[in-house]
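Thanks for coming, everyone. I have one structure to walk you through today. Take a look at it first, and then we will start with the ligand.

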Amino acid sequence: MRTDIGQIVHLADYRPTDFVLERVDLTFELDPTETKVEARLIFHRRDGVDASAPLVLDGDELNMTGLLLDQDEIPAGLFDASADQLVIRDLPAAVPFEITITTIINPTANTKLMGLYRTGGIYCTQCEAEGFRRITYFPDRPDVLAPYTVNIIAEKAPNPLLLSNGNFLGGAGYGEGKHFAAWFDPHPKPSYLFALVAGDLGMVEDTFVTMSGREVALKIYVEHGKEPRVAYAMDALKRSMKWDEEKFGREYDLDIFMIVAVSDFNMGAMENKGLNVFNDKYVLADPETATDADYANIEAIIAHEYFHNWTGNRITCRDWFQLCLKEGLTVYRDHEFSADQRSRAVKRIAEVRHLKSEQFPEDAGPLAHPVRPTKFREINNFYTTTVYEKGSEVTRMIATLLGADLFKAGMDLYFDRHDGDASTVEDFVKCFEDASGRDLKQFSLWYDQAGTPLVTVSGHYDAAASTFTLQLEQMIPATPGQSTKEPMHIPLRMALILDNGSEASPSAVSGGELTGDVLHLTERKQTVTFSGISSRPVLSLNRGFSAPINLHFDQSSADLAHIARHDSDWFARWQALTDLALPNLMQAARDIQLGKAVACDPVLIATLLEIVADDSLEPAFRAQALALPGEADIARELGANNDPDAIHAGRKAIMAEIARAGQQTFVTLYDSMQTPGAFSPDAASAGKRALRNSALAYLSYAEETPARAATAFAAANNMTDLSQALALLAQRFPDAPESQAALSTFETRFSDNALVIDKWFSIQALIPGETALARVKTLMHSPHFISTNPNRVRSLVGAFAFSNTTGFNRADGAAYQFLAEQILDIDKRNPQLAARILTAMRSWRSLEPVRADHARAALLTIERGAGLSGDVSDIVERMLKG
Ligand code: BES
Ligand code: ZN
């Protein structure tokens with residue numbers, strides 16, 4: 001066991017290692033329960049380090065059977081080995097030396113899925129962040145880089161395939177029934193990028209010719225029989241490689257790029273050098289089993305992991321505090337990639353929806369932390385939406401502040417200056433300062449200050465003076481450990497929209513800097529005046545969501561409707577619709593609580609229906625317009641003391657009003673948005689399906705019968721339509737015989753496809769109301785449910801806790817206690833998974849008092865659990881304290 005549980009690591013304590021690692025040579029003799037690992041490590045003492053300083057290596061649950069210095073056994077008195085650390089004393093002061101460590105590990109018993117483990121009969125590794133230390137003793141930190149040679153020895157029959165990072169050196173038979181393979185990765189890398197895969201898998205092969213004319217072999221490995229479902233992932237990979245050359249000038253740097261899909265994986269995917277390992281959910285797709293969302297996720301994640309080859313692997317992080325340096329930047333890159341492959345505006349809307357529903361609550365709750373944290377207890381718990389999505393937004397803001405050309409120059413400088421480095425956020429920002437000549441000191445506060453800034457705005461038009469004056473004020477809320485904040489540099493894209501829909505061009509601006517359409521808010525309070533505005537404009541602010549802020553601006557329904565109809569920025573149009581809808585949804589929740597009838601603003605209904613019926617607009621955009629803010633969004637706006645049942649009922653009532661008013665529109669859309677012919681996952685077809693399925697959902701409110709959804713279920717010829725019809729039946733009409741029949745048809749038809757059965761679990765886990773808990777408990781006894789598989793657990797328990805607002809937040813607190821029991825149970829096997837699912841309760845403090853008390857009690861149950869992991873205790877304690 002690790003003994004450092006509870007110890008806090010501080011950014012301020014960073015210092016380089018005493019010893020420099022020159023080379024790594026690993027030999028694995030694979031065995032399901034007793035794998036022998038021999039690690040030969042060549043070190044030298046760093047210049048200036050005291051000759052008495054010992055070599056301290058990390059371990060985690062290790063068992064050492066041999067230790068040599070330059071091939072001689074090290075006497076017992078000169079080292080201390082425990083399960084989690086190896087300390088060696090009396091090492092040479094001036095010359096390089098070789099340490100050989102032998103450990104015996106048990107991949108079958110490894111249920112944490114960190115280090116070397118078994119999944120679906122194969123051997124596989126996951127080393128980020130601190131998993132390599134579960135394989136051998138090592139300086140397991142990202143600033144220790146070395147070239148690796150890896151030798152793999154295994155039984156040949158069950159393991160025809162022996163893979164590791166880099167280029168294949170060769171292989172041969174090795175005694176009776178065994179064989180071996182050797183790999184060499186010439187690119188110095190940190191241990192978290194190490195990978196090994198062995199076993200018997202099917203393979204799909206292709207090639208890519210890079211911009212300098214080199215041919216790269218592309219290989220995707222999957223379970224036998226699943227090869228036909230790899231085509232889309234392979235295509236996405238080739239498009240990613242091309243895009244990174246065209247947009248960022250980045251070429252791939254090995255002769256081979258491999259992806260292995262596995263069925264037990266804690267995360268989505270991992271960017272190991274030359275050998276990405278993927279959760280099979282993000283590789284396998286065909287029309288019959290994958291939804292449009294699955295296709296989009298596969299494209300994005302394949303791209304993301306590939307892009308890490310430059311942002312993460314060639315340039316890595318000095319320490320884990322700099323995680324956003326690779327993750328935030330790479331998310332930004334995969335967002336841009338998807339925007340280029342699909343509709344940019346629709347992609348941006350989806351990103352902002354996600355940011356607001358995931359990152360904003362994190363930033364407003366007890367787990368809030370800066371994009372670059374300054375301390376942590378368990379690094380696994382900092383792979384957060386703040387590091388990822390807010391980290392991406394911060395990168396996007398640099399691009400907004402500098403403009404495309406200077407941003408590109410800064411990126412080029414970064415690649416040039418830091419290739420081969422383990423870098424910091426400061427290094428990154430400095431490249432943009434040097435490339436642009438712009439001072440980014442104040443801007444850098446985005447990395448350091450947690451909390452979503454609140455910007456309050458008011459506007460005044462002076463007809464006599466032809467001026468428009470804006471008063472802006474920024475406030476950054478207190479977050480755990482940060483009670484006071486400095487004002488930030490907030491880039492706000494804006495336009496002043498005139499009556500006819502055109503944009504005013506001010507003759508002068510005072511009180512603030514305006515570069516292009518970007519207004520720079522830098523003071524706590526700022527008054528900005530635009531001159532030469534000949535008629536009253538409507539302000540469109542934070543266009544494209546140029547800054548991740550909460551904006552308080554009391555705009556009339558008429559002004560919002562004007563933006564929704566006329567803004568040339570599609571994101572702003574969607575945002576205006578959202579701003580029109582939110583007060584209605586909030587008022588509806590309040591009215592339900594007071595037992596009053598719910599009413600919807602006719603301006604909202606009219607604007608929405610006009611946009612939805614406008615055939616000049618992309619269907620995918622219209623579908624986004626129809627998807628009203630979710631229950632979590634409404635809860636967030638309501639702030640403290642919210643009642644999930646009232647929010648749910650209020651939202652349904654508003655949807656029903658819109659549905660009745662627009663019934664004819666929805667019928668027309670449902671009939672016209674067909675996608676005849678063979679299924680294609682392209683964005684335009686997906687957009688039509690999205691719009692058609694939202695029309696179907698609204699019609700279920702107007703018609704109040706399951707008939708149409710049941711017909712849609714029977715007629716569906718792709719997984720998007722099928723699963724949406726099923727969800728509608730199950731969640732809107734849970735007791736209808738049609739719904740029960742559809743659920744059982746679906747289960748029977750896909751009983752041999754675990755990834756599709758996951759959809760079946762999630763759809764049922766999201767059926768609203770008090771009955772949900774009993775249903776989830778029953779489903780846990782289904783033969784399809786495998787408690788050791790993270791995808792199954794996330795699909796059922798995770799979906800219930802994260803997304804079933806009424807079912808999970810039932811007033812008696814029974815679901816919180818259920819989650820507590822589940823967390824304690826999962827924690828015994830897989831702490832990382834347990835800790836992540838527990839974050840579903842991160843907004844517990846804003847619940848109404850009765851529910852909040854129940855939630856606290858459940859958290860206390862977890863906190864008192866016997867043998868709690870460091871992962872879970874870190875989360876539960878911060879949730880109770882913050
Ligand atoms: N490096 C991560 C995978 C990872 C995360 C390893 C946490 C260890 C701990 C990988 O690049 C990643 O970010 N994957 C994401 C998907 C991505 C598209 C945002 C994931 O796994 O969710
Ligand atoms: Zn990543």
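This is a predicted model: local features need pLDDT of at least 70, side-chain atom pairs count only at pLDDT 80 or more; totals for chains, interfaces and linings use all residues.

Let's go through some polar contacts. Start with Gly-268. Here a backbone N or O atom lies 2.6 Å from an oxygen atom of ligand 1. Next is Glu-305. One of its polar side-chain atoms is 2.7 Å from a ligand 1 oxygen atom. Then His-308. Its polar side-chain atom sits 2.9 Å from an oxygen atom of ligand 1.

How much of ligand 1 does the protein bury? Taken alone, the ligand exposes 510 Å², and the protein buries 87% of that.

The peptide bond from Glu-128 to Ala-129 is cis, with omega near 0 degrees. Most peptide bonds are trans. So where is Ala-129 found? Look in the loop between strand S11, at 122-126, and strand S12, at 146-155.

On to the sheets. Strands of a sheet pair through backbone hydrogen bonds, either parallel or antiparallel.

Our opening sheet is open and has three strands. Its order is S4-S8-S7, and the pairing is antiparallel. Which strands are at the edges? They are S4, residues 55-58, and S7, residues 79-82, and each pairs on one side only. From one strand to the next, the twist averages 10 degrees.

Look at the pairs inside that sheet. S4 pairs with S8, residues 85-88, in the antiparallel sense over four bridges. Asp-58 has Gln-85 in S8 as its bridge partner.

Follow the chain past S8. The loop between S8 and S9 holds Asp-90. What is the phi of Asp-90? It is positive, about 60 degrees, although Asp-90 is not a glycine. Most residues other than glycine have a negative phi.

S9 brings us to S5. Strand S5, residues 64-69, runs antiparallel to S9, residues 97-105, and five bridges join them. Leu-68 stands opposite Thr-100 in S9. S5 has another partner to show you. Two bridges join S5 to S6, residues 72-73, again antiparallel. Leu-69 stands opposite Asp-72 in S6. S5 and S6 make a hairpin with two residues between them. In that turn, Asp-70 has a positive phi of about 45 degrees.

Strand S14, residues 167-173, pairs with strand S15, residues 178-189. The pairing is antiparallel, over six bridges. Ala-172 has Phe-180 in S15 as its bridge partner. The hairpin has four residues between its strands, and Gly-175 in the turn has a positive phi of about 70 degrees.

Last stop: another open sheet, with four strands. The order is S29-S30-S27-S32, with antiparallel pairing. S29, at 513-515, and S32, at 538-541, stand at the edges with a single partner strand each, so one side of each is left without a neighbour in the sheet. Here the twist averages 35 degrees from one strand to the next.

Take S27, residues 490-497. Four bridges join S27 to S32, running antiparallel. Ile-497 stands opposite Val-538 in S32. What packs on this sheet? Helix H9, residues 557-566, does, touching S27 and S32. The direction of H9 makes about 65 degrees with that of S32.

That's my tour. Over to you.

Note on methods:
Residues are numbered from 1 along each chain as its sequence is written. Chains are lettered from A and ligands numbered from 1 in the order in which they are written. Side-chain values use heavy atoms; hydrogens and water are left out. Two strands pair if DSSP finds at least two bridges between them. Axes are lines fitted to C-alpha atoms, for helices over the stretch in contact, and angles run from 0 to 180 degrees between N-to-C directions. A polar contact is a pair of N or O atoms within 3.5 Å; within protein, one must be able to donate a hydrogen and the other to accept it, and residues adjacent in sequence count only if both atoms are side-chain atoms. Accessible areas come from the Shrake-Rupley method with a 1.4 Å probe; for residues, only the protein chains shown count as cover. Contact means heavy atoms within 4.5 Å.
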